[in-house]
Amino acid sequence: LCGAGPPWRKTAALLSGGWEGHLLEHRGHHTFLVEEVAREYQEKFQESLKKLKNEEQEAEKLTAFIREKKTSWKNQMDPERCRIQTEFNQLRNILDRVEQRELKKLEQEEKKGLRIIEEAENDLVHQTQSLRELISDLERRCQGSAMELLQVSPVLSRSEFWTLRKPEALPTKLRSMFRAPDLKRMLRVFRELTDVQSYWVDVTLNPHTANLNLVLAKNRRQVRFVGAKVSGPSCLEKHYDCSVLGSQHFSSGKHYWEVDVAKKTAWILGVCSNSLGPTFSFNHYAQNHSAYSRYQPQSGYWVIGLQHNHEYRAYEDSSPSLLLSMTVPPRRVGVFLDYEAGTVSFYNVTNHGFPIYTFSKYYFPTTLCPYFNPCNCVIPMTLRRPNS
């Protein structure tokens with residue numbers, strides 16, 4: 001038996017039927033053989049048990065991992081659901097504002113047309129009344145005596161020269177029919193504004209760069225002009241330096257901030273080279289340059305501004321500046337700096353984020369700072385958080 005193969009085969013042979021004879025013949029070997037086979041099975045059971053427990057542990061780890069992923073996945077839903085609802089609410093608000101603006105325009109046009117028609121109607125009533133009085137007077141005189149007919153009467157003179165004044169052109173057709181807004185463009189513009197707003201930085205004003213004609217709020221997010229007002233062509237030259245820089249310096253990356261310019265009649269804002277700033281000597285510069293060229297990119301300024309209450313301009317390197325068309329005057333302006341791309345973009349946040357102007361493909365040789373100039377308008381400029 002000891003040389004007849006593996007022990008488990010021997011045990012199988014014993015168990016298959018002839019084990020009693022073998023047991024009697026090899027009684028001394030039986031205890032040793034069973035113990036040896038049992039030990040081998042014990043080892044195999046232990047190995048299998050160890051493997052299965054490892055698998056159990058792995059299953060527990062995997063279960064914990066899956067539960068964690070499930071929780072994480074659920075936790076992502078609420079913020080995303082909130083974001084979707086917020087964006088669609090904003091779009092609804094945009095459409096509501098567009099609707100109200102169009103209805104207001106229609107109401108104004110209606111009132112204007114009705115005023116013209118009512119004035120024409122009132123004038124016609126007065127003419128008709130005068131005409132009837134003249135007819136009545138003439139009929140009465142026609143029934144008089146021959147001597148009365150021969151007398152020259154002012155009534156006859158009035159009747160000869162009387163002519164019905166016809167009303168001027170009456171409104172018969174709306175001057176501008178309503179057209180639904182370009183929703184695709186609105187969505188594209190809204191998405192662009194939402195994207196740049198994600199780079200918002202909490203810009204504050206640097207009091208050490210403020211001109212003496214300016215007053216800064218304690219939170220350093222508002223600047224107001226308090227100097228003597230200047231009008232005429234010298235306004236820009238006199239108050240070129242009524243400005244203040246942002247405390248932040250940018251030499252890389254993307255950055256966005258918003259400025260409230262509501263009710264202001266003049267302002268200039270954007271970015272400028274930190275090597276210049278408000279301490280730049282304008283008197284020396286003005287000997288060979290105009291006031292407008294002082295704000296051009298070649299001089300270290302990438303800015304736009306409002307002059308004379310309604311002239312919006314971009315101070316490009318062209319002469320003297322570019323006049324910008326605004327369908328909706330901006331009460332809030334967004335400024336977006338992409339340093340690596342060499343662009344400074346301005347957005348009309350008031351008009352759903354429609355682009356105002358972009359300085360593009362510039363190489364910025366130095367660090368840039370936010371630039372603010374309230375000019376000689378006492379209404380303040382205020383830094384705002386998006387959607388505030």
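1. A disulfide is taken here as a pair of cysteine sulfur atoms within 2.5 Å. The sulfur of Cys272 has its closest cysteine sulfur in Cys369, at 6.0 Å, which is too far for a bond. A search of the whole structure finds zero disulfides. Cys272 is buried, with a relative accessible area of 0%, and Cys369 is also buried, at 1%, where buried means under 20% relative accessible area, exposed over 50% and partly exposed in between (1.4 Å probe, protein chains only).

2. On the basis of these notes, the model is predicted, so that local features need pLDDT of at least 70 and side-chain atom pairs count only at pLDDT 80 or more, whereas totals for chains, interfaces and linings use all residues. Residues are numbered from 1 along each chain as its sequence is written, and side-chain values use heavy atoms, with hydrogens and water left out.

3. UniProt, in an unreviewed entry, places the feature "coiled-coil region" at residues 38-69 and 103-137; its positions are given in the numbering used here, feature names are shortened, and annotations may be inferred rather than shown by experiment. In the model, residues 38-69 are 100% helix and 0% strand, with the end C-alpha atoms 45 Å apart. Residues 103-137 are likewise 100% helix and 0% strand, and the end C-alpha atoms of that span lie 50 Å apart. Helices (H or I, at least four residues) and strands (E, at least two) are DSSP runs, numbered from the N terminus.

4. Which residues cover the two sides of strand S6? Tyr301, Val303, Gly305 and Gln307 lie on one side and Trp302, Ile304 and Leu306 on the other, and all are buried; for the strand as a whole (residues 301-307), this is seven of its seven residues. Strand S5 (residues 267-273) runs antiparallel to S6 and is joined to S6 by six bridges, with Cys272 opposite Tyr301. Strand S7 (residues 311-314) is also antiparallel to S6, through four bridges, and Leu306 stands opposite Tyr312 there. Two strands are said to pair if DSSP finds at least two bridges between them. S6 and S7 form a hairpin with three residues between them, and His308 in the turn has a positive phi of about 55°.

5. The structure holds 13 aromatic pairs, counted where rings of Phe, Tyr and Trp (its six-membered ring) have centres within 6.5 Å, with planes under 30 degrees apart called stacked, over 60 edge-to-face and the rest tilted. Phe250 and Trp257 are stacked, because their ring centres are 5.8 Å apart and their planes stand at 25°. Phe250 is buried at 5% relative accessible area, and Trp257 is buried at 1%. Tyr357 and Phe359 form an edge-to-face pair, because their centres are 5.1 Å apart and their planes stand at 80°. Tyr295, Tyr301, Tyr315 and Tyr371 form one aromatic cluster.

6. The count of salt bridges comes to nine, a salt bridge being a side-chain nitrogen of Lys or Arg within 4 Å of a carboxyl oxygen of Asp or Glu. Arg81 forms one with Asp78, the closest N and O atoms being 2.8 Å apart; these residues are three apart in helix H2 (residues 27-142) and so are separated by about one helical turn. Arg81 is partly exposed at 43% relative accessible area, whereas Asp78 counts as exposed at 51%.

7. Arg384 and Asp260 meet in a salt bridge at 3.4 Å, N to O. The pair links distant parts of the chain, with Arg384 in strand S13 and Asp260 in strand S4, 124 residues apart. Arg384 is partly exposed at 34% relative accessibility, whereas Asp260 is buried at 17%.
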